[in-house]
Amino acid sequence: MIMNQVTTIIDSDKCIGCGLCISVCPANTLSLRDGKACVTGDESIQCGHCAAICPENAIQVGALDPSLTCTTFEEQADWLNFGASDIQHLVRLMRSRRSCRNYSQKTVPREILTDLIKIGISAPSGSNSQGWTFTVLQDQKSLMTFGRYIMDYYKSLNRMAESFPLRLLSYVLSKDELGKYYRNYYAKVKEGIQEFEEKGTDRLFHGATAAILVGGNTKISFSAQEDALLASQNILLAAHAMGLGTCLIGFAVEAMKRDPSIKKHFNIPVHENIYAVIGIGYPKEKYQTVAGRKPVKIRYFDPIDSEG
Ligand SMILES: Cc1cc2nc3c(=O)[nH]c(=O)nc-3n(C[C@H](O)[C@H](O)[C@H](O)COP(=O)(O)O)c2cc1C
Ligand code: SF4
């Protein structure tokens, strides 16, 4: 666990010694002394569970801001009990989210993009490190600049993939990476680049008017990628609820991974990796039904079978 300094303050006048804060603390930061909760550890993951569970509102965790302060909708700040949310509505929202590939020209206000990020960070993170980072491209012009850097990367990758000797070398040295790219993506990427250059068709972001680049600070988190992707899923769902379409752009993530110079153009530090690029905009089309999924295979481990 990555620990932080303790910023927990307990009002002993309010504390009734119920011990709830101690039972939910994952870091043994608190204990009961003379019937009152006290900070006895010198480290904390600053998760805020103690403050959230206290029936007397006796605890504050200085590092945390308990409210979201979203500006584009009215937030219901109170905690929702286990089983108290509408599962039908939640599942319907999850199944209705679609990857959007046709957007209108309408731009997404900055306040909405900010609120999406605030919603994103309610996701869990390893050791509560919250090492996620967000870079917002707020308009199509910035998105096109970004797109050109991505395209430059794929142009040079395509040039390499065209070379048979390089594909052979890749077969020997890197598990046929270049060959796989050549067989699966080369032709489509070439076509996409050509279409952009000749007609200006945006096959990378599908005409999205904004993007959020979700990254992670590898200096402060061991789970930067997982954390960033969990926050991203929150953003995708919230965006749908706010009337927006989204699409994850894996091609952009791959290019940024392979060509770190792209990050530099957007002032993203070296120790930050980008794990998701979310294209965002107002969708042009509506769906009639939800899309299905392939039947899921579930492996149930049976302890009795495993003994035999
Ligand atoms: C990691 C990841 C990368 C993706 N990259 C792209 C992409 O570069 N371009 C694109 O149009 N869609 C991309 N998608 C969207 C998937 O194609 C889409 O999620 C899938 O077809 C299922 O459709 P749905 O999102 O509407 O349920 C990506 C999705 C994921 C999870
Ligand atoms: S949860 Fe609140 S009231 Fe209960 S022991 Fe902790 S500080 Fe005291």
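Which strand and which helix each supply at least two residues of the shell around ligand 1? In this predicted model, local features need pLDDT of at least 70 and side-chain atom pairs count only at pLDDT 80 or more, whereas totals for chains, interfaces and linings use all residues. Residues are numbered from 1 along each chain as its sequence is written, chains are lettered from A and ligands numbered from 1 in the order in which they are written, and side-chain values use heavy atoms, with hydrogens and water left out.

The elements concerned are strand E7 (245-248) and helix H9 (250-258); helices (H or I, at least four residues) and strands (E, at least two) are DSSP runs numbered from the N terminus. The shell around ligand 1 consists of Arg97, Arg98, Ser99, Arg101, His206, Cys247, Leu248, Ile249, Gly250, Phe251 and Arg293, a residue being near a molecule or strand if one of its heavy atoms lies within 4 Å of it. Four of these residues are nonpolar, three polar and four charged, where Ala, Val, Leu, Ile, Met, Phe, Trp, Tyr, Cys and Pro count as nonpolar, Asp, Glu, Lys and Arg as charged, and the others, Gly among them, as polar.

Oxygen atoms of ligand 1 are approached by polar side-chain atoms of Ser99 at 2.5 Å, of Arg98 at 2.7 Å and of His206 at 2.7 Å. Of the 620 Å² of accessible area that ligand 1 has on its own, the protein covers 57% (Shrake-Rupley method with a 1.4 Å probe; for residues, only the protein chains shown count as cover).

Around ligand 2 lie Cys15, Ile16, Gly17, Cys18, Gly19, Cys21, Ala37, Cys54, Pro55, Glu56 and Ile59. This shell comprises eight nonpolar residues, two polar and one charged.

Helix H6 (residues 164-173) packs with helix H7 (residues 177-199) at an angle of about 125°, their axes being 6 Å apart. Axes are lines fitted to C-alpha atoms, for helices over the stretch in contact, and angles run from 0 to 180 degrees between N-to-C directions. H6 is therefore oblique to H7, since angles under 35 degrees count as roughly parallel, over 145 as roughly antiparallel, 65 to 115 as roughly perpendicular and the rest as oblique. In the contact (heavy atoms within 4.5 Å), Leu166, Arg167 and Ser170 of H6 meet Glu177, Leu178, Gly179 and Tyr182 of H7. H6 is followed by Lys175, which has a positive phi near 50°.

Terms used:
A polar contact is a pair of N or O atoms within 3.5 Å; within protein, one must be able to donate a hydrogen and the other to accept it, and residues adjacent in sequence count only if both atoms are side-chain atoms.
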